[in-house]
Amino acid sequence: MPAVTMDQLVSLCKRRGFIFPGSDIYGGLQGTYDFGPLGVELKNNLKAAWWRANVYERDDMEGLDAAILMNRLTWKYSGHEETFTDPLVDCRNCRARWRADHIKDTCPSCGSKDLTEPRPFNMMFKTQVGPVADDTSYAYLRPETAQGIFVNFANVLATTARKLPFGIAQIGKAFRNEINPRNFIFRVREFEQMEIEFFVMPGTEDAWHQRWLDDRLAWWRSVGLSGDNLHVYTVPKADLAHYSKATYDLMYRFPIGFEELEGIASRSDYDLGSHSKEQGSLGLSAKVGRNDDSTAKLTYYDLESKRHLVPFVIEPSAGVDRGVLALLTEAYDEQQIKPVTPERAQAVAEALAAFVKSVSRSEKLPAEQRDAMLDRAELIGNNLAASMAQIPALLDMPGAASIELGKKLRGQAEPALDESYRTVLHLKPSLAPIKVAVFPLKRNAPEIVATARQIRKTLQAEGNMRTVYDDTGAIGKLYRRQDEIGTPYCITVDFDTIGQGKDATLAGTVTVRDRDTMAQERVPIAELQAYVRGV
Ligand code: GAP
């Protein structure tokens, strides 16, 4: 079953240490999130997979890591100072601010129709550079990584002697002062991008645009997104960004519906032309603003035609955070693995009914939070057996902590969930934050513990895979914890392993459990690395 709601993902991410709200102990900072111990691994694995496929496995790509702070003239000539805006409206009644294209004609906060006319709001964050604050000592935090690539085009060309077509790839932070950051890590103010600027001979851009679309779709499938959940949206001409000749948006079926995961734009010679001096001599096809500040002509010498030309650009630009969200959405699964006893089911149903009553009577809760919780509780209650695993997410919803009876509901639900359900992330093993977890059957049996610790150390060092040791619970509970974070293999060391079990032939072997099938197999310790290899 795919993730039904964003709340389930938010709850799992917080509970298990993937993603936390930014600056949480000070009440948060809207539009920022911190990646925890598992989130950072997942994100790093996604970025490494992208880098491997796009830089190492191709013959036509170089990498780059440009500075986040750039000379402000970059943003003048890129067009961002003038056009990187969203239409903003104010509600005159409650003073909330909204993106005009995200609301109809009613304030979502208070329902008032008394809204100002839309006006452009520039989304770049401004910051001061150096100790003296004057009109010229400011810079912007980059709103995209792309411009760092364009301004380094001549440097990369000169130092690598590349011939067209070739690309420059970069992964890095970008910042946008979004009017309404929302939907967890889907729309945030600080995020990461994985961008490629691919430089091609003018006239070949349409074929390259199509090739990049196909390549990028294939790559997203290769990291685990299903074709059914991906679709291509051709951006209508009227909606194209100022630099774009044509753009495909790769859309993913997030819990909020199909939304953009990556844009693949055909940017003509706009960017290199905009950042060049003496543009009149370059024969540009794009309409660019006059540049009196650049010291370079960003051209390429074509040996065949013996002339300098400005390459055209195809730009596949993906969001790392949206990529992580898509992977989690795709991988999330809740399974009932055993029937719940009728007595337990009855106790949970009663606790849920009492919780609902308490929520609907609560005077502390804002109406929005109360209604959201009641809607969710109703959905769960309508099919309790299939939806019981959603109770922790219900109890993590905003405002739920203030309902005293939530504790009782959690207390009733937890044993049922432990016995009969599991949440599992079917992440591709190469992306899973942890590849192998090793458990001792008994944590007070020194030989078992020593063997388990040694296996962990060996797999980590020689197999170069993130491996953890855990002895903090019963084996069933440990399995479920690892299922929930997507660990492909769990290894259990028991008395048979150390030659003290009933079956002497099992000495030197361990139990390996597969996350997806839950099948268990006995494997010799010496063969473990080969068994779990490739994760
Ligand atoms: N250089 C082109 C560019 O930046 P974009 O469509 O504005 O194009 C590219 O951004 C990708 O960056 C998007 O497809 C999305 O995945 C990600 N992205 C953009 N704004 C974002 C935000 N506020 N929060 C999270 N990801 C964002």
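This is a predicted model: local features need pLDDT of at least 70, side-chain atom pairs count only at pLDDT 80 or more; totals for chains, interfaces and linings use all residues.
Local features need pLDDT of at least 70 and side-chain atom pairs count only at pLDDT 80 or more, while totals for chains, interfaces and linings use all residues. Residues are numbered from 1 along each chain as its sequence is written, and side-chain values use heavy atoms, with hydrogens and water left out.

**Overall build**

The protein has 17 helices and 24 strands. Helices (H or I, at least four residues) and strands (E, at least two) are DSSP runs, numbered from the N terminus. The C-alpha trace spans about 85 × 65 × 50 Å along its principal axes. Of the 535 residues, 50% are buried. Buried means under 20% relative accessible area, exposed over 50%, and partly exposed in between, with a 1.4 Å probe and protein chains only. Take the contacts (heavy atoms within 4.5 Å) between residues at least 6 apart in sequence: 66% join residues at least 24 apart.

**Nonpolar cores**

A nonpolar core is a set of buried Ala, Val, Leu, Ile, Met, Phe, Trp, Tyr and Cys residues joined through side-chain atoms within 4.5 Å. The largest one holds 61 residues. Leu 46, Met 194 and Trp 220 touch the most other members. Helix α9 (residues 320-331) gives the most to this core, with seven residues. Setting aside neighbours within four places in sequence, Leu 46 is in contact with Met 194, Trp 219, Trp 220, Val 320, Gly 323, Val 324, Leu 327 and Leu 431.

Two strands pair if DSSP finds at least two bridges between them. β5 (residues 85-90) and β6 pair over three bridges. Leu 88 has Arg 99 in β6 as its bridge partner.

**Ring contacts**

Rings of Phe, Tyr and Trp (its six-membered ring) pair if their centres lie within 6.5 Å; planes under 30 degrees apart count as stacked, over 60 as edge-to-face and the rest as tilted. The count comes to 14 aromatic pairs. Two of them are tabulated here.

| Pair | Centre to centre | Plane angle | Class |
|---|---|---|---|
| Phe 153 and Phe 166 | 6.2 Å | 20 degrees | stacked |
| Phe 166 and Phe 199 | 5.5 Å | 45 degrees | tilted |

Phe 153 lies in helix α6 (residues 153-160) and Phe 166 in strand β10 (residues 166-175), so their pair ties together parts 13 residues apart in sequence. Phe 199 is in strand β11 (residues 190-200), 33 residues from Phe 166. Phe 153 and Phe 166 are both buried, and so is Phe 199. Ring pairs link Phe 150, Phe 153, Phe 166 and Phe 199 into a cluster.

Charges also meet rings. A charge sits over a ring if NZ of Lys or CZ of Arg is within 6 Å of the ring centre and within 35 degrees of the ring normal. Lys 126 sits over Tyr 138, 4.3 Å from the ring centre. Arg 453 sits over Tyr 469, at 4.0 Å.

**Helix α16**

In α16 (residues 475-485), the buried residues include Ile 475, Leu 478, Tyr 479 and Gln 482. Gly 486 follows the helix, with a positive phi near 85 degrees.
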